[in-house]
Amino acid sequence: MRKLLLLLMCTCLCIVQSWAQNRTITGKVTDGSGAPVHGASVTIKGTNTGTNTKDDGSFSLSIGDAAKTIIITSLNFQTQEISLAGKKMFNVQLQASDATSLDDIVIVGYQAIKKKDATGSVKIVDGQELTEKPIASITQLLQGKAAGVQVMGQSGKPGANAYIRIRGTGSINASSEPLIIMDGVSISSTAFNMINPDDVDDITILKDASATSIYGSRGSNGVILITSKKGKGAPVVSYSFQYGKMNALKLKHLDVMNAMQKFQYEFDGGYYNGNGILDSMISNRISNGTYAPGTTLLTMTNDQRQQLWSLATSRGQGDWRKAMLPTGTFIKHDASISGSSDKFRYYLSLSKANNEGTVYGSYFNTVGGRLNVEYNANSWLKMGTNLGVTNSVENVIREVYNGQAAYTSALLLNAYEPLYVNGKYNITSLGQNAMETTDDNPNVANRISSFATIYGEAKLLKHLVLRSQIGMNYNTLSQEYYLEPGSYLAQTLGYNQKRDNGNRDFVYVFTNTANWVQTLGANHNISGLIGSEFTKDKFYSYSLTARGFPTASVNTLENGATPTQATTSRSDWSLISYFAKAQYNYAKKYFIDLTARTDGSSRFGKNNRFANFWSVGATWDIKKETFFKVEPVSDLKLRASYGTAGNNNGIGNYQALGTYALNVSYNGSPAASPNNLANPDLTWEKAALFDVGIDFGILNNRITGTIEYYNKKTSSLLYNVNVSQTTGFSNYTGNVGSLRNRGIEVSLSGDIIKKKDFNWNVSVIYANNDNKVLELYSDNVPTQGGLALLKIGQPLYVYKLVRWAGVNPTDGKNQYYKIDGTLTESDPSSQAVMMNGKSPLVKFNGSINTSLSYKGIDLSAQLYYSGGNYIFNALYQIGASEGEQISKNQFTDALNYWKKSGDNVQMANIKDPSQRVTYDTDKYLEKGDYLSLRDITLGYTLPADIAQKIKFKSIRVYIQGTNLWMGTKFRGIPEVGQSNGENTSYQPGQLTLYGYPQYKAFTVGANIKF
């Protein structure tokens, strides 16, 4: 009995003690407009104990006496810490997060820190900014989002990659593309392009040495870090839909001749048969007695000629752009579910998109999904995985300068030529019909890109966090090109053919880090990071070909009568790295960080396989100084950094080795022949980067901005070094020369109006870059394609052209300047000179952005501008050719030709055979400056209380216009990437040659959350 009473007393004591130590707090969380925030996380600081807010924003949480602070977080809102201080009821209003806020968390060098604590130059692009545009390529969506980041679309083709340059072009032969990392795994630009924008939480762009040096041999061109979404708060089911229509952009200041203009032009130029059409019509009329025997265009009356031309015009296609450049359609569906508990965070998404292009036959369709899961096993152990896979199917249409390409045909086919003859495609004056080529010679590429990271994180000591991660990126390509039996090209060549080719690329990265973070006393904050990383890349490719297929529907190689080719190849490379970073700040006022990294790459010579990279960065928070009493200034930080980084991308895996080719024979037996000259001293390109910047906020950060100056010198450039041909080789890959990029970047953002129901924000981005070659093995090195050269003291790829002096008004002949400045009317090919300072490299670019919101209505717009570059306008050179291309359609500018003495015109006498030779002159070199209304978006979000009544959490609908207007003096479209998809002789932006055109689009969409 005594034992029983003692047990009851102990139990009662425990209950009383529990009641004494625990209490319940309640509250409600709302946004800036007073609407409830559902699914917000409410946790006790320093613990995993917490809860989530309900649909009406309310919460209830049991806490102990030791609890002093709760933390409230929610996606797209700023985190708040609230002191309990004996209170039981809390009404909390969260402020919307700002992607430019100095309090943002950024991922820099294998660790997450607050942006205001970073000493480097970083820019965050929120994933929300990337999800509401009808563009399948995530790379092009970055355009105009960050100062110093130039994004130039390779073309307007659905799913096309973009060229990305961070602070200029930093290499000649090696890659100038930045390092791209997805959830800790380095990926190619093609794999980057396969990422679904809706799966992206944010993109962080690292630009200076303090931010990039820890990536060592791959960081000299900048780093782009992509973080995929993870769940947060109560479960949320989301669905988004986009539907868009797009058309090829019309050429600025250019239009093609109509049929009557072209007939007159041909007649004046002495080209009388209209590509055979007129001869046939005249012969028929002579046969039926309408014309007298021997009648020609020259002997018939003007009325007869006009009637003949009019009849031919009525039978022609007219504007070929209507057939070759149809309206494209974009449809995309995205669905996801995300959420979290005290143990789990999860995000699952599925996506499907179909994109029909603006050139006949092109399409780019994708389907994919992602699963991100994170599990907190206990207070010190966390583990997770990020998995993503995307499949794309693309019809690879021709982009060449001939009749097989639809865009070339759209501009060069004469309006009087018919599309069909006797119910079949007409074989045009270009010797092909691009529509028939596309239909009967399909070229389909099937890609699969998969991403996976598996990680574990352990907090073994109070200040120490250990993390291990293995990441994988596996990409495959399977491409089938069928020259079908019965196709015109097969008949012309005398055979049909099928080619299957493809590759697989497997990259894995094993990373281990130890991170120590500690505060000593009240003001000394230190952190230290050490780590190692191993990267391995394995690549395999194949190509199989056969001829002699019985029918178009039979397309597997086993059915080809004659196998003609079977080749495979493989290569691999690896990188071993060790890195460390130390950071210290005093009272969040003075910051300094030190970074070091050692890389060893299999790509380089045995004498220089390892290299060291380092950086030092410092920041001074002036606002926190007691002497700084300028009240309107809410933030003011000065930062600077200097360090080194490298580049090992863009060259072959075995350039340092003396290799032999084994694909030769001698007397019928296998043999080997020298293939590559060894260079055991081959090593990285090295970049020394200096950056100084100031970040500021005014009027409680109502106005924020950044101003930066940078100077980057790249040395030991990877380039082909010429050797005596007595060695059996003409060159080898070596390290020669240096170049410099330096410039200024400005970013400003201001809330013009900031009220409860009405907000208006304007932001401006400007970047200027000056590129110059400092050293090279020769002072005058021609580049591939023959239009440019590398010259010390000049920007890369400065043009070398003949100078055009105009048309002689006396005799109608073109005049040219000789090298000595005198005039000539004869062949000027040997008189080309350097065009001082004129290069395809963009010197300045930026954007002007504005966004307005009134209650549930939002309106945003972006103007993008770019300039300082020059483009060789080969499209204009061909389309206004002074008679050389007289059989092809021409631009109406070609009608402005010399006719009589005294004419001051642009085009020479087309009747003069000596003028029908087009030279590469600066007549066709034009400035690439332009201003583009990149997009306008008008949206409406249903009030939260109405959405909840119909069982939704939120509903937003919108309409958007993309590339609605462009202002430029360039003749054509100045946003030039590739010259065309099958010509690699020219640098990005150097030359226009019928590449896939950019487009204008209108899109409607909806975002729904359940």
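Asn-963 is buried, with a relative accessible area of 8%, where buried denotes under 20% relative accessible area, exposed over 50% and partly exposed the range in between, for a 1.4 Å probe and protein chains only. The structure is a predicted model, for which local features require pLDDT of at least 70 and side-chain atom pairs count only at pLDDT 80 or more, whereas totals for chains, interfaces and linings use all residues. Residues are numbered from 1 along each chain as its sequence is written, and side-chain values use heavy atoms, with hydrogens and water left out. Asn-963 is placed in strand β52; strands (E, at least two residues) and helices (H or I, at least four residues) are DSSP runs numbered from the N terminus. Although Asn-963 is not a glycine, its phi is positive, at about 55°. A positive phi of about 55° is also found at Leu-699, likewise not a glycine, but Leu-699 is located in the loop between β34 (685-698) and β35 (703-715) and counts as partly exposed at 48% relative accessibility.

Aromatic contacts were assigned to rings of Phe, Tyr and Trp (its six-membered ring) with centres within 6.5 Å, planes under 30 degrees apart being stacked, those over 60 edge-to-face and the rest tilted. By this rule, 26 aromatic pairs are counted. Tyr-401 and Tyr-994 make up a stacked pair, with 5.7 Å from centre to centre and 5° between the planes. Since Tyr-401 belongs to the loop between β21 (381-395) and α8 (406-412), and Tyr-994 to the loop between β52 (954-967) and β53 (999-1009), the pair ties together parts that are 593 residues apart in sequence. Tyr-401 is partly exposed, at a relative accessible area of 34%, whereas Tyr-994 is buried, at 2%. The pair formed by Tyr-876 and Tyr-924 is tilted, because the ring centres are 6.3 Å apart and the planes stand at 55°. This pair, too, links distant parts of the chain, with Tyr-876 in helix α11 (residues 874-879) and Tyr-924 in the loop between α11 and β50 (925-927), 48 residues apart; both tyrosines are buried.

One aromatic cluster is formed by Phe-263, Phe-267, Tyr-272, Trp-309 and Tyr-416. Phe-267 of this cluster is 147 residues from Asn-414 in sequence, and the two C-alpha atoms are 14 Å apart in space. Asn-414 is part of the loop between α8 and β22 (420-421) and counts as buried, at 0% relative accessibility. Leu-413 lies in the loop between α8 and β22 and is buried, with a relative accessible area of 2%; its C-alpha atom is separated by 8.9 Å from that of Gln-890, 477 residues away along the chain.

The charged end of Arg-547 is positioned over the ring of Tyr-495, at 3.7 Å from its centre, and that of Lys-899 over the ring of Tyr-897, at 3.9 Å from its centre.

Two bridges connect strand β42 (residues 798-801) to β46 in the antiparallel sense, and Met-834 in β46 is the bridge partner of Lys-800. Strand β43 (residues 803-807) and strand β44 (residues 814-817) run antiparallel and are joined by four bridges, with Val-807 partnered by Asn-814 in β44. These two strands form a hairpin with six residues between them, and Gly-812 in the turn has a positive phi of about 75°.

A cavity is taken as a set of points, on a 1 Å grid over the protein atoms alone, where a 1.4 Å probe fits but cannot get out, and lining residues have an atom within 4 Å of a point. Grid points are joined across faces, edges and corners, and the volume is the space filled by probe spheres set on the points. The count comes to 14 cavities of 30 Å³ or more, and the largest cavity has a volume of about 220 Å³. Its lining comprises 23 residues, of which Ile-973, Val-976, Thr-992, Gly-995 and Tyr-996 lie nearest the centre. This lining divides into 11 nonpolar, 10 polar and two charged residues, with Ala, Val, Leu, Ile, Met, Phe, Trp, Tyr, Cys and Pro classed as nonpolar, Asp, Glu, Lys and Arg as charged, and the others, Gly among them, as polar.

Notes
On a 1 Å grid over the protein atoms alone, a cavity is a set of points where a 1.4 Å probe fits but cannot get out, and a pocket is an open set with protein on both sides within 12 Å along at least five of seven lines; lining residues have an atom within 4 Å of a point. A charge sits over a ring if NZ of Lys or CZ of Arg is within 6 Å of the ring centre and within 35 degrees of the ring normal. Two strands pair if DSSP finds at least two bridges between them.
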